[in-house]
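Please open the structure in your viewer and keep the selection panel at hand.

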Amino acid sequence: APVYYPPPPASPPAPAPAPKKGEMGAEEERAVGNVGAAVYLALFNATGSKLTIPVVVVLFGVEYGSKAFLDFWLSWWAGDEWGWESNQYLGVYFGIFLFNGMAIFFRSLIIYFFLVRAANNLHKGLLNRVMKFPMSFFDTTPSGRVINRFSRDTETIDIVLPGIIIQFLGCITSIVTTLAIVCVATGWFTVALPPLLFVY
């Protein structure tokens, strides 16, 4: 009797080619990892002033400098450094405390002014660029992708990024102030500081 051999299985259909960049259904590009320095540089340029960084450095220096001086004044008060009465020490302490509070207020106000202006300029630039795109861009780009730029990404610039920047600058200033106080109080630490910073 003739031997029956089953036909070979049909090969699966070839997968459809992935849509290319600019075609409908193309995978959205997204950056992963840490935020690059170019992003912060673009935010700095969007503030519209070259004095942003010097002003911010001075504001944080005044705030944390007055805070450190407040601790110094407590040590002078405890040791009766000037031979004053307690009310006199208390008055100066209260004055330094008020100055520190005003420094915090004006630092927050000015920094948020710079950040709001940067966010406004970035939003205007984004809107102007999108409005100048040809119709082919809107034919090949899902509307949700465009809306996401004006919603989620804009929210990150307006709300999330300012808090991160302020916390980072505050942390750096606090570390620098602490190291400066330790160097003043303990002279030999100044010699050991550069190797420690290099290793760290």
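## The nonpolar patch

Of the elements that supply the nonpolar patch, α6 gives the most, with three residues. Select V39, Y40, I159, V160 and I164: together these residues form the patch on the surface, with about 430 Å² of accessible area. Such patches consist of residues with over 30% relative accessible area and no salt bridge, where like charges are joined within 9 Å and nonpolar side chains (Val, Leu, Ile, Met, Phe, Trp, Tyr) within 5 Å.

Helices (H or I, at least four residues) and strands (E, at least two) are DSSP runs, numbered from the N terminus. V39 is placed in helix α1. V39 counts as partly exposed because its relative accessibility is 44%; buried means under 20% relative accessible area, exposed over 50%, and partly exposed in between (1.4 Å probe, protein chains only).

The model is predicted: local features need pLDDT of at least 70, side-chain atom pairs count only at pLDDT 80 or more, and totals for chains, interfaces and linings use all residues. Residues are numbered from 1 along each chain as its sequence is written, and side-chain values use heavy atoms, with hydrogens and water left out.

## The whole chain

Now display the entire protein chain as a cartoon. Its secondary structure comes to seven helices and zero strands, so that the elements run α-α-α-α-α-α-α from the N terminus on. Of the 200 residues, 19% count as buried. The accessible surface comes to about 15100 Å², and 70% of that area belongs to carbon and sulfur atoms. Among contacts between residues at least 6 apart in sequence, 64% join residues at least 24 apart; contact means heavy atoms within 4.5 Å.

Select helix α5 (residues 143-150) together with α6. How are two packed helices described? They are described by the angle between their axes and the distance between the axes. Here α5 and α6 pack at an angle of about 10°, with their axes 3 Å apart. That angle makes α5 roughly parallel to α6. Axes are lines fitted to C-alpha atoms, for helices over the stretch in contact, and angles run from 0 to 180 degrees between N-to-C directions. Angles under 35 degrees count as roughly parallel, over 145 as roughly antiparallel, 65 to 115 as roughly perpendicular and the rest as oblique.

Show side chains at the meeting point: N148, R149 and F150 in α5 meet R152, D153 and T154 in α6. The side chains of R149 and D153 also form a salt bridge, 3.2 Å from N to O. A salt bridge is a side-chain nitrogen of Lys or Arg within 4 Å of a carboxyl oxygen of Asp or Glu. R149 is partly exposed, with a relative accessible area of 30%, and D153 is partly exposed at 28% relative accessibility.

Move on to R152 and E155, whose side chains meet in a salt bridge (3.6 Å, N to O). Both lie in helix α6, three residues apart, about one turn of the helix. R152 counts as partly exposed at 48% relative accessibility, and E155 is partly exposed with a relative accessible area of 37%. Draw a distance from the C-alpha atom of E155 to that of A119: the two are separated by 9.5 Å and are 36 residues apart along the chain.

## A buried pair

The count of salt bridges comes to three. Which residue forms a salt bridge with E63? Select R107, where the closest N and O atoms of the pair are 2.7 Å apart. E63 lies in helix α2 and R107 in helix α3, so the pair ties together parts that are 44 residues apart in sequence. E63 is buried, with a relative accessible area of 7%, and R107 is buried as well, at 9%.

## The loop between α2 and α3

Finally, centre the view on D80, in the loop between α2 (52-78) and α3 (86-131). Most residues other than glycine have a negative phi. The phi of D80 is near 50°, a positive value in a residue other than glycine. D80 is partly exposed, with a relative accessible area of 40%.

W82 is also placed in the loop between α2 and α3 and counts as partly exposed at 47% relative accessibility.

How values were computed
Areas by Shrake-Rupley, 256 points an atom, 1.4 Å probe, with all protein chains shown as cover.
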